Amino acid sequence: MNKDKVRVTDFARMKAEGRRMVMLTAYDYPFARIFDQAGVDALLVGDSLGMVVQGAESTLAVTLEEMIYHTRMVARGRKRALLVADMPFMTYQVSAEQAMSNAGRLVKEGGAEAVKIEGGLVMAATVRRIVEIDIPVMGHIGLTPQSVHRMGGHRVQGKKAGHSPGCRERLVQDALAVEEAGAFAVVLEGMPVDVAAEITARLSIPTIGIGAGPECDGQVLVMHDMLGLSDSFVPRFAKPYANLWQQATEAALSYSREVREHAFPGPEHCFRSKAA
Ligand code: KIV
C-alpha cells in the first residue's frame, strides 16, 4: 500500500491544516505521469476534453465512453494523485439511477476514485445517492460549462445578487447543498473573489477554485492553459507556466528542415547489416 497516496479522506484534513490542494486536468498517460511525479495532489479527467483535446466549442458532446477511455489512460500513469473523472452532460441529469450506474462505470472501467458533477441545489439529491453507494463526489458550481446555453456563454457567475441560478446568494446555497449531500470537495469556477471567499469560509469541505481567486482551499487549471499548449484564447484567470505550443512548433520546424535537407536521420540513427 502506497502510504503517500492521496485519498478523498485527505482533502478534509488538508483543509483543516490550511494546506493548499493542487489539481490539474490530464487526459492521457504521459501527462498523468509527469503531473503525478511532480506531486500534484489530484488529477481531473475533465470533460474540457471536448474543447482542449477534441477541438469542440463546448463540453456538451463528450460521451461517457470517451471519458472512460481517457480516465483509463490517466489511471495507468498516476500512482499518488487522487483520480477524479467528470461525468459528461446527460449522463447524470436524467435520474439518480442513471447517475449511479454511469458513475459506477467511471470507477469500474476507468479506474476513477471519485466523480465530479456540475450543479448545486438541483443536483444535490443525485450527489447524495452516488455518495450512498460509496462513490465519492466532487461538486462543481458557479460557471458550469455544461450550462453554457443557459448562461449565454462561458460567463462569470455570481456578480448579481439574487436567488436565481447564477446569482450570488444562489451560489452560496448551491455550495451548501452540495456539502450537505455528502460531496468531499467542490470546484468553484468563474465567480468573484468575495463570493468564493464566503463559500470557502462557510463550508467544511474544501473548495477548489478556477477563476475564483486566491481564497479557495485549492486551485485547478486545465493543463493546456497551464502549459501554454494553445495558440488561441487563454482565459484571464489562467497562468501559462510554459510555452509548449511554441516549443512544439519549433521542434516540428527543425525536424521538417532536417528531413528536407537530408540531415535527419544521421548515422547515429541508422541500423547496419552485419558484415557478411
Ligand atoms: O472539465 C474540466 O476541465 C473542469 C475544470 C475546469 C474544473 O471541469
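The ligand is surrounded by Thr25, Leu44, Gly46, Asp47, Ser48, Asp86, Lys116, His140, Glu189, Ile210 and Val222, a residue being counted as near a molecule if one of its heavy atoms lies within 4 Å of it. The structure is a predicted model, in which local features need pLDDT of at least 70 and side-chain atom pairs count only at pLDDT 80 or more, whereas totals for chains, interfaces and linings use all residues. Residues are numbered from 1 along each chain as its sequence is written, and side-chain values use heavy atoms, with hydrogens and water left out.

By class, the shell around the ligand comprises three nonpolar, four polar and four charged residues; Ala, Val, Leu, Ile, Met, Phe, Trp, Tyr, Cys and Pro count as nonpolar, Asp, Glu, Lys and Arg as charged, and the others, Gly among them, as polar. Polar contacts (pairs of N or O atoms within 3.5 Å) include one between serine 48 and the ligand, where an N or O atom of the side chain is 2.5 Å from a ligand oxygen atom. For aspartate 47, a polar side-chain atom lies 3.1 Å from an oxygen atom of the ligand, and for aspartate 86 a polar side-chain atom also lies 3.1 Å from a ligand oxygen. The protein covers 96% of the 260 Å² of accessible area that the ligand has on its own, as computed by the Shrake-Rupley method with a 1.4 Å probe.

Aspartate 86 also takes part in a salt bridge with lysine 116, at 2.7 Å from N to O; a salt bridge is defined as a side-chain nitrogen of Lys or Arg within 4 Å of a carboxyl oxygen of Asp or Glu. Aspartate 86 lies in strand S3 and lysine 116 in strand S4, so this pair ties together parts that are 30 residues apart in sequence. Helices (H or I, at least four residues) and strands (E, at least two) are DSSP runs, numbered from the N terminus. Both aspartate 86 and lysine 116 are buried, where buried means under 20% relative accessible area, exposed over 50%, and partly exposed in between (1.4 Å probe, protein chains only).

The structure holds 16 salt bridges. In one of them, the side chains of glutamate 113 and arginine 78 meet at 3.4 Å, N to O. This pair links distant parts of the chain, 35 residues apart, with glutamate 113 in the loop between H5 and strand S4 (114-118) and arginine 78 in the loop between helix H4 (64-77) and S3. Glutamate 113 is partly exposed, at 25% relative accessible area, whereas arginine 78 is buried, at 12%.

Aspartate 194 forms a salt bridge with arginine 168, with the closest N and O atoms 2.6 Å apart. Aspartate 194 belongs to helix H9 (residues 193-202) and arginine 168 to helix H8 (residues 168-180), 26 residues apart. Aspartate 194 is partly exposed, with a relative accessible area of 43%, and arginine 168 counts as partly exposed at 23%. A network of salt bridges links Arg168, Asp194, Glu198 and Arg202.

Several backbone features were also identified. A cis peptide bond, with omega of about 0°, joins phenylalanine 264 and proline 265; proline 265 is placed in the segment after helix H11 (244-260). Methionine 90, a residue other than glycine, has a positive phi near 70° and is found in the loop between strand S3 (82-86) and helix H5 (96-108). Phi of aspartate 134 is likewise positive, near 70°; aspartate 134 is located in the loop between helix H6 (124-132) and strand S5 (137-142) and is exposed, with a relative accessible area of 67%.

Notes: Polar contact = N/O pair within 3.5 Å; in protein donor to acceptor, adjacent residues only side chain to side chain.
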